[in-house]
Amino acid sequence: VQLQASGGGLVQAGGSLRLSCAASRSVFRITAVAWYRQAPGKERELVAAVTSGGASNYADSVKGRFTISIDNAKNTAYLRLSSLGPEDTALYLCNADVRTRAFSPSANYWGQGTQLTVSS
């Protein structure tokens, strides 16, 4: 299984965007997802995380602006971003725990990242 992140691009400050993290094939369940971001010269930071049960947490810098979710019917996780500012410019990477089959344990996977650039 591979995770394919998409949805990044160039957006103006104040705008919105939705990032997707899709499994390359049908899986039994995405049990947890986390989105990270890394800006040039900065350390990678955890932006948001969620479990398939709905428990979520967010970095203080994105609370109220970002929403993370999992849609297991589509084998895809999302990160909805709004009220974007230049400080949100970064490479966004998804990480997920995936059960490929009903009887298999979860395995952890990384997506390749999608670049978001917010212009002021």
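Ala 13 counts as partly exposed, because its relative accessibility is 40% (buried means under 20% relative accessible area, exposed over 50% and partly exposed in between, with a 1.4 Å probe and protein chains only). This alanine sits in the loop between β2 (9–12) and β3 (17–23). Strands here are DSSP runs of E with at least two residues, numbered from the N terminus.

A word on the model itself. It is predicted, so to speak, with local features needing pLDDT of at least 70 and side-chain atom pairs counting only at pLDDT 80 or more, while totals for chains, interfaces and linings use all residues. Residues are numbered from 1 along each chain as its sequence is written, and side-chain values use heavy atoms, with hydrogens and water left out.

Which residues does Ala 13 contact, leaving aside its neighbours within four places in sequence? They are Leu 84, Pro 86, Val 118, Ser 119 and Ser 120, where contact means heavy atoms within 4.5 Å. Thr 114, 101 residues away in sequence, is 18 Å from Ala 13 in space, C-alpha to C-alpha.

Now for the sheet. Four strands make an open, antiparallel sheet in the order β1-β3-β8-β7; two strands pair if DSSP finds at least two bridges between them. At the edges are β1 (3–6) and β7 (66–71), each pairing on one side only. Neighbouring strands are turned by 15° against each other on average, direction ignored (axes are lines fitted to C-alpha atoms, and angles run from 0 to 180 degrees between N-to-C directions).

Two of the pairings look like this:

| Strand pair | Sense | Bridges | Residues standing opposite |
|---|---|---|---|
| β7 and β8 (76–81) | antiparallel | six bridges | Ile 70 and Ala 77 |

In a regular strand the side chains alternate between the two faces of the sheet. For β1, Leu 3 and Ala 5 are on the covered face, with Gln 4 and Ser 6 on the uncovered one.

Zooming out, the protein has zero helices and 11 strands. Its radius of gyration is 14 Å, close to the 14 Å that the globule rule gives for 120 residues, so it is as compact as a globular protein of that length (taken over C-alpha atoms; the rule is 2.2 Å times the number of residues to the power 0.38). Buried residues make up 41% of the 120. Of the contacts with a separation of 6 or more, 55% join residues 24 or more positions apart.
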